[in-house]
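Q: I'd like to learn how to read contacts and packing from a set of coordinates. Can you take me through a case?

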Amino acid sequence: MPGMDTDHDTTQRTAFSDGPLRPAPRSACVVVIHGESLGRRADIGDAPIVVGRAPESDLSIPHRSVSREHCRIWRDGNAYRIRDLGATNGTRVNDCRIQGDAALADGDQITLGECILKFISQDSVEAQYHEEIYQLATHDALTELYNRRHFTEMADKEIARAIRHARPLALCILDVDLFKPVNDRYGHNSGDEVLRRIGALVRQHARGEDLPARIGGEEFALLLPECDLVAATAFAERLREAVAAAAFAPGGEPRRITVSIGIAALGFGRDSRSTLMAAADAALYRAKSEGRNRVYVDS
Ligand SMILES: Nc1nc2c(ncn2[C@@H]2O[C@H](COP(=O)(O)OP(=O)(O)OP(=O)(O)O)[C@@H](O)[C@H]2O)c(=O)[nH]1
């Protein structure tokens with residue numbers, strides 16, 4: 001055809017090559033996609049992770065078909081590897097029982113008893129999808145703190161870890177004082193705004209390792225690892241003062257909002273989530289009955 005250079009190939013060609021080996025992403029994760037703990041995720045950073053039934057596992061799956069320490073997953077240079085830790089029913093990758101170590105590739109399915117995990121490279125779109133689902137499942141929509149269900153799971157894990165390593169741990173339960181009149185006077189939306197701000201104050205005061213959660217309507221909990229009663233009391237006092245000093249204006253009207261806080265620490269007769277929560281609740285009850293806007297310690 002006129003104008004077309006048929007003798008010489010002038011078309012620009014994109015040169016394809018295998019290119020350099022794509023390094024493994026710095027971080028990857030495993031997500032439970034079937035069975036108990038559906039949607040739970042564990043990131044695999046620089047430290048290896050253990051998946052198992054034990055509450056202190058990095059990814060804890062409390063199902064009888066999963067061994068206490070079922071398998072370990074770690075980053076090895078540019079790859080990720082998995083090792084079965086002697087589980088009776090073994091660990092399977094894409095339905096093949098592994099012997100010793102095995103390499104993991106994006107999308108691999110890992111079967112532990114009746115549960116299936118998926119290995120996902122951190123940069124995959126699917127990981128983001130799981131992240132969003134995980135956020136929705138574990139966080140309270142109003143305050144963006146952890147929700148009660150997730151708090152419960154994490155608290156069990158932290159308590160088991162603290163007992164195992166003989167470390168201190170404290171629990172604060174915080175309840176907004178006379179919140180019903182706020183709702184009644186200014187409406188539910190204004191009440192929600194107050195809760196959101198209190199949630200933000202709780203988050204601001206928490207350290208990275210603390211577990212802040214909204215566990216009920218106007219009730220918050222904070223689990224403080226590595227904190228004894230003295231340190232927890234100082235922390236709770238600071239938080240109580242910060243709430244009392246904050247400028248709230250529900251419905252545009254300045255109003256003082258306060259909170260009462262009950263505290264309990266791990267110790268004799270306070271060695272499980274239920275006993276710890278009951279003790280912190282009892283202290284909170286005393287704080288309320290003795291005038292509110294105060295911190296009470298379990299005795
Ligand atoms: N706006 C809003 N209100 C809520 C929410 N959850 C619970 N509440 C309200 O919180 C109020 C709690 O009131 P009560 O348990 O009677 O206690 P209180 O008025 O805070 O009084 P004390 O706890 O004794 O200091 C109720 O009016 C609930 O309707 C929520 O998500 N948003």
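This is a predicted model: local features need pLDDT of at least 70, side-chain atom pairs count only at pLDDT 80 or more; totals for chains, interfaces and linings use all residues.

Q: How is a pair of aromatic rings described?

A: You give the distance between the centres and the angle between the planes. Here the rings of Y80 and F119 have centres 5.4 Å apart and planes at 55 degrees, so the pair is tilted. The cut-offs behind that label are simple: under 30 degrees would be stacked and over 60 edge-to-face, with the rest called tilted.

Q: Which strands do Y80 and F119 lie in?

A: Y80 lies in strand β6 (residues 79-84) and F119 in strand β11 (residues 115-121), so the pair ties together parts that are 39 residues apart in sequence.

Q: And are Y80 and F119 buried or exposed?

A: Y80 is buried, and F119 is buried too.

Q: What does Y80 have around it? Let's start with A103: which residues does A103 touch?

A: Leaving out residues up to four places away in sequence, A103 touches Y80, R81 and D108. A103 has its place in strand β9 (residues 101-104).

Q: How does A103 count on the accessibility scale?

A: A103 has 47% relative accessibility, so A103 counts as partly exposed. The partly exposed class runs between the buried limit of 20% and the exposed limit of 50%.

Q: How far apart are A103 and D84, in sequence and in space?

A: They are 19 residues apart in sequence, and their C-alpha atoms are 12 Å apart in space.

Q: Now the bigger picture. What domains is the chain divided into?

A: Domain 1 covers 29-136 and domain 2 covers 148-297. Their C-alpha centres lie 33 Å apart. For the contact, domain 1 supplies eight residues and domain 2 supplies eight residues.

Q: What area is buried between domain 1 and domain 2?

A: About 660 Å², with carbon and sulfur atoms giving 42% of that. On the domain 1 side, R40, P55 and E56 lose the most area to domain 2, and together they make up 71% of what that side buries.

Q: How many salt bridges are there between domain 1 and domain 2?

A: The count between the two domains is two salt bridges. For the structure, the count by this rule comes to 23 salt bridges.

Q: Let's look at E56. Which side chain meets the side chain of E56 in a salt bridge?

A: The side chain of R164 does, at 2.5 Å from N to O. E56 lies in the loop between β3 (49-52) and β4 (59-60), while R164 is in helix α2 (residues 148-164), so this pair ties together parts that are 108 residues apart in sequence. E56 has a relative accessible area of 15%, so E56 is buried.

Q: And what is the N to O distance between E153 and R40?

A: In the salt bridge of E153 with R40, the closest N and O atoms are 3.1 Å apart. E153 also meets R149 in a salt bridge, at 4.0 Å from N to O. E153 and R149 are four residues apart in helix α2, so about one helical turn separates them. E153 counts as partly exposed, at 26% relative accessibility, and R149 is partly exposed as well, with a relative accessible area of 47%.

Q: What about D175 and K288: which parts of the chain does that pair link?

A: Their side chains meet in a salt bridge at 2.7 Å, N to O. The pair links distant parts of the chain, with D175 in strand β12 (residues 169-176) and K288 in helix α6 (residues 273-289), 113 residues apart. Both D175 and K288 are buried.

Conventions: Residues are numbered from 1 along each chain as its sequence is written. Side-chain values use heavy atoms; hydrogens and water are left out. Rings of Phe, Tyr and Trp (its six-membered ring) pair if their centres lie within 6.5 Å; planes under 30 degrees apart count as stacked, over 60 as edge-to-face and the rest as tilted. Helices (H or I, at least four residues) and strands (E, at least two) are DSSP runs, numbered from the N terminus. Buried means under 20% relative accessible area, exposed over 50%, partly exposed in between (1.4 Å probe, protein chains only). Domain bounds come from an automatic or database domain assignment. Contact means heavy atoms within 4.5 Å. Buried area is the accessible area (1.4 Å probe) that two parts lose on being put together, summed over both.
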